[in-house]
Amino acid sequence: MTTGSLGLARRDAARGSIFAALLAGFGLLPSFDALAAQGGGLFGEQAEWAQRYDADPRLAITRSNTPVLSVQTFAATEQAIETYRQIVADGGWGMVPAGHVLKLGVSGPAVVALRKRLAASGDLDPSVGGSPIFDSYVDAGVKHFQARHGLTETGVVSKETFAALNVPADVRLRQLEVNLVRLRSYSGNLGERFVMANIPAMAVETVENGVVATRHNAGVGKIDRQSPVMMTKAIDINFNPYWTVPASIIRKDLIPRMQKDANYLNDHKIRIFNKEGQELQSDQVNWNSLEAVNYKFRQDPGGDVNSLGVVRININNPYGVYMHDTPEKGIFGDDDRFVSSGCIRVQNVRDYVTWLLKDTPGWDREHIDEAIRSGQRIDAKIATQVPVYWVYITAWATPEGLAQFREDIYQRDGFGPLAADNASTTATATIPQAIQSSPQRALSARSQVLEPMRDEE
């Protein structure tokens, strides 16, 4: 980006144009120096790079320190609604032809359409022109757009980015309006310290004195095993936890795995116990029936194998769900992290637990790391229970002027690209509640592959 174009963005902001608020978010773009230097797993294959992502710098996205659940976010979303009303009144934006991947160096009419689309939503300075060449300006604009939509900032326009680009402006407007009602329901006093897990954003925030303290990518419930919307509290922490397999997962997952691989239990350190507490061997169970649901299956502790990783965070709720670590760190680098059976997996879980236990005597980071290293089951009760909010918010805006959008994965907004096939779906807009069963949509190819069992429902 040239000094001149940066000056243009500042002048636009001063004039109060409809792009001013959105262009103000250009802090998400690479710096001027960086642009100048450029010259203008859980599922199969992921297991090989599972350990990279907790510290991968590509996952670092510069964001507002303002919590999603805040008066400031509510006010910013109201302003974004006005901005999008103007965009819709001006004709919205056109579709970007999705026939071929668009990236740096590509040229053609699709790039011209892409420039117009990015300019219409404030992701690209209109003054850079309508060239058919995908240059560094378009690359930066695509990355800015991707950051606002929760996509990895690659600068490459492929399937997921095309899908987000081609959601009409009037749908985005209605999405902001629906979610403004949801944000209003959380506008009261949520506590000086609280946790928010936004399910469609696949993200967790810890908030203290009105400021975001830590952020974490998260893995949340699959389409057919949804994470519930609820208000609760974090009560205690289990280090090096056992995992007891619930009956539903014994039926859906464990029996089919044992039918395919008789060594599955041994390989995953899962033991079988009868009602008297006696341990059984796997060949004592008839795996061609439902006999297995009569037994208790418990996985030994161990961060490399245990489905809960090295930490489980217990929260009061009637759904049998909780928050936890995972041995499959690779999921945190994916754009699609709808992977669990309803529980929420937390990236950089040690940072999260350190924050939860900061007011609990004897549980500083050093003692937390020591407890994990011990490999022994150790429990820590949180001195003052921390409010936890699992929410479903697919659109909001930041005080910096960035309108954020996420996929309505559970089809709860009541409209959008997927709603055409589910006309009966209605918006759950106002009050936090348990998610009701929603219409099935075709699962991705990845979720149809036989995968390791993970967490409880």
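How many helices and strands make up the secondary structure of the protein? The secondary structure comes to 12 helices and 15 strands; helices (H or I, at least four residues) and strands (E, at least two) are DSSP runs, numbered from the N terminus.

This is a predicted model, in which local features need pLDDT of at least 70 and side-chain atom pairs count only at pLDDT 80 or more, whereas totals for chains, interfaces and linings use all residues. Residues are numbered from 1 along each chain as its sequence is written, and side-chain values use heavy atoms, with hydrogens and water left out.

**Figure 1. The protein as a whole.** Of its 457 residues, 53% count as buried (under 20% relative accessible area; exposed is over 50% and partly exposed in between, with a 1.4 Å probe and protein chains only). The accessible surface comes to about 19,800 Å², by the Shrake-Rupley method with a 1.4 Å probe. Carbon and sulfur atoms account for 51% of that surface.

**Figure 2. Packing of helices H5 and H6.** The axes of H5 and H6 come within 10 Å and cross at roughly 50 degrees; axes are lines fitted to C-alpha atoms, for helices over the stretch in contact, and angles run from 0 to 180 degrees between N-to-C directions. That angle makes H5 oblique to H6 (under 35 degrees is roughly parallel, over 145 roughly antiparallel, 65 to 115 roughly perpendicular and the rest oblique). The crossing is left-handed, a term for a near helix turned anticlockwise from the far one by less than a right angle, with clockwise being right-handed. Leu-114, Arg-115, Arg-117 and Leu-118 of H5 meet Val-138, Gly-141, Val-142 and Phe-145 of H6, contact being heavy atoms within 4.5 Å. These residues divide into five nonpolar, one polar and two charged (Ala, Val, Leu, Ile, Met, Phe, Trp, Tyr, Cys and Pro are nonpolar, Asp, Glu, Lys and Arg charged, and the others, Gly among them, polar).

**Figure 3. Gly-130 in the loop between H5 and H6.** Gly-130 lies between helix H5 (109-120) and helix H6 (136-148) and is exposed, with a relative accessible area of 52%. Leaving aside neighbours within four places in sequence, Gly-130 is in contact with Val-112 and Arg-115. Its C-alpha atom is separated by 8.5 Å from that of Val-111, 19 residues apart along the chain.

**Figure 4. Packing of helices H11 and H12.** H11 (residues 349-356) and H12 (residues 365-374) pack at an angle of about 125 degrees, with axes 10 Å apart. H11 is therefore oblique to H12, and their crossing is right-handed. Arg-350, Asp-351, Val-353 and Thr-354 of H11 make the contact with Arg-365, Ile-368, Asp-369 and Ile-372 of H12. Three of these residues are nonpolar, one is polar and four are charged.
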